[in-house]
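This report looks at how side chains meet one another in the structure shown below. Please keep the sequence and the model in view while reading.

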Amino acid sequence: MSNLDNLRVSEADREEASARLAEHYSTGRLSDDDYYERLDAVWSAKVRADLEMLFTDLPRSAPQPTPVIRRPRRDRPRAFPLVACFLLVAIGLMVMGVPWWVFAAIAGGALLFHKKHRHHRAMSHGCLPAHGRAGSHR
């Protein structure tokens, strides 16, 4: 018996051992009675040796890495639907008699707002601006 076997077990050790037992039970290596008997022993174990003796007659299972689900991150809406909606509204209002320069002014204001908002959002996320340190404005 090594010194590591005499270390007291933690809740995390007990939960890992119960998960390993559940895996062996689900594959049919343990009967109902054997599984529940070993599970009771897991929760009453004091040292690591108590846990390890529960697995001496079972194959060692390699820990399975948890699959990482990656989704593309979208911090802002797509531009196409916004532009399409703006154009449809603009065309509809022009047909009703609103002058074209009103839409040009609205579009220009939206672009200026977007540029300022984008810079502010980058600063709030800790990103450095292209011209130097965060917080230094020219």
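## Salt bridges

D13 forms a salt bridge with R48, the closest N and O atoms lying 3.8 Å apart; a salt bridge here is a side-chain nitrogen of Lys or Arg within 4 Å of a carboxyl oxygen of Asp or Glu. This pair links distant parts of the chain, with D13 in helix α1 and R48 in helix α3 (residues 48-52), 35 residues apart, where helices are DSSP runs (H or I, at least four residues) numbered from the N terminus. At 18% relative accessibility D13 counts as buried, whereas R48, at 36%, counts as partly exposed; buried means under 20% relative accessible area, exposed over 50%, and partly exposed in between (1.4 Å probe, protein chains only).

The model is predicted, so local features need pLDDT of at least 70 and side-chain atom pairs count only at pLDDT 80 or more, while totals for chains, interfaces and linings use all residues. Residues are numbered from 1 along each chain as its sequence is written, and side-chain values use heavy atoms, with hydrogens and water left out.

## Further charged pairs

By the same rule the count comes to 5 salt bridges. One of them joins the side chains of D34 and R38 at 3.2 Å, N to O, and because these residues are 4 apart in helix α2, they are separated by about one helical turn. D34 is partly exposed, with a relative accessible area of 23%, while R38 is buried at 9%.

Another salt bridge connects E52 with R60, whose closest N and O atoms are 3.8 Å apart; E52 is partly exposed at 35%, and R60 counts as exposed at 63%. Salt bridges that share partners also join D34, R38 and D57 into one network.

## Aromatic rings

A search of the whole structure finds 2 aromatic pairs, a pair being rings of Phe, Tyr and Trp (its six-membered ring) with centres within 6.5 Å, stacked if the planes are under 30 degrees apart, edge-to-face if over 60, and tilted otherwise. The rings of Y25 and Y35 have centres 4.4 Å apart and planes at 20 degrees, so this pair is stacked. It links distant parts of the chain, with Y25 in helix α1 (residues 11-26) and Y35 in helix α2 (residues 32-44), 10 residues apart.

Y35 and Y36 form an edge-to-face pair, 5.1 Å centre to centre with 65 degrees between the planes, and Y25, Y35 and Y36 form one aromatic cluster.

Key: Helices (H or I, at least four residues) and strands (E, at least two) are DSSP runs, numbered from the N terminus.
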